Amino acid sequence: MKAKLIAVGERPPAWVTEGFEEYRKRLSHWLPLELVEVAPGMRGKNRDAARAMQDEGGRVLAALPKGGLVVTLDGRGKPWSSERLSQRLEHWRGQGRDLAFLIGGPEGHAPEVLAQADESWSLGPATLPHMLVRLLVAEQLYRAAAMLANHPYHRA
């Protein structure tokens with residue numbers, strides 16, 4: 001099983017890239033994680049935000065792995081504890097499908113993307129910078145995989 005983190009946005013700050021790469025490396029022998037950056041839609045004065053979101057959604061859908069299980073990162077999703085995410089990861093492994101975790105743009109996910117989601121995960125009620133979400137998802141996936149492997153990283 002492999003995972004893709006498909007994220008709207010390009011060129012994160014160096015500290016996000018470094019942190020993400022650290023957790024991606026740690027996670028690699030349990031769950032290979034690939035980052036796929038999707039160009040954001042055009043926004044600004046005299047630009048339609050709904051059109052930008054729709055454009056992003058088309059690019060996100062094009063990046064999905066065939067037959068993969070799709071999990072959107074969405075504030076309206078289910079807030080999973082680290083333990084619950086570990087249980088979800090174990091369940092997904094049992095299905096034998098690749099995973100895709102989706103991070104939307106400033107307005108969130110296009111309706112077409114939400115319609116493709118098998119599950120929706122909320123990192124909590126706070127609004128988080130989307131670049132930071134990349135790092136948090138990688139760390140939480142590492143923590144969940146470490147829990148399944150009885151690795152001492154997670155000490156609750």
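**View 1. The setting of R88 in helix α3 of the predicted model**. Is R88 buried or exposed in this predicted structure? With a relative accessibility of 12%, R88 counts as buried, because buried residues are those under 20%. R88 has its place in helix α3, and, when its neighbours within four places in sequence are left aside, R88 is in contact with W80 and E119.

**View 2. The loop between α3 and β4, with G96**. G96 lies in the loop that runs between α3 and β4, and its relative accessibility of 59% makes G96 count as exposed. From C-alpha to C-alpha, G96 and V36 are 21 Å apart in space, while 60 residues separate G96 from V36 in sequence.

**View 3. Helix α1 and its two sides**. Helix α1, which covers residues 14-27, has 14 residues and reaches 20 Å from its first C-alpha to its last, and this is close to the 20 Å expected at 1.5 Å a residue. Which residues of α1 are buried? They are V16, G19, F20, Y23 and L27. Because these residues cover an arc of only 95° around the axis, they lie on the same side of α1. On the other side of the helix, A14, E18 and K25 are exposed. The packing partners of the buried residues of α1 are β1 (3-8), β2 (33-38) and α5 (130-148).

**View 4. The largest nonpolar core**. The largest nonpolar core holds 27 residues, and of these L33, W92, L99, F101 and W121 touch the most other members. Which elements give two or more residues to this core? They are β1, α1, β3 (69-79), α3 (82-95), β4 (99-103) and α5, and α5 gives the most, with eight residues. As a general background to such a view, nonpolar side chains tend to be buried together in soluble globular proteins.

**View 5. The surroundings of L33**. L33 is one of the residues that touch the most other members of the largest nonpolar core. Not counting residues up to four places away in sequence, L33 touches A3, K4, L5, F20, R24, L27, A138 and L141. Among these, F20 and L27 also belong to the buried residues of α1.

**View 6. A second, separate core**.

Conventions
Residues numbered from 1 in each chain as written. Predicted model: local features only at pLDDT ≥ 70, side-chain atom pairs only at ≥ 80, totals over all residues. Heavy atoms only, no water. Helix = DSSP H or I, 4+ residues; strand = E, 2+ residues; numbered from the N terminus. Expected span 1.5 Å × (residues − 1). Buried < 20%, exposed > 50% of the residue type's maximum accessible area, 1.4 Å probe, protein only. Arc of directions from axis to C-beta. Contact = heavy atoms within 4.5 Å. Core = buried A, V, L, I, M, F, W, Y, C linked by side-chain atoms within 4.5 Å.
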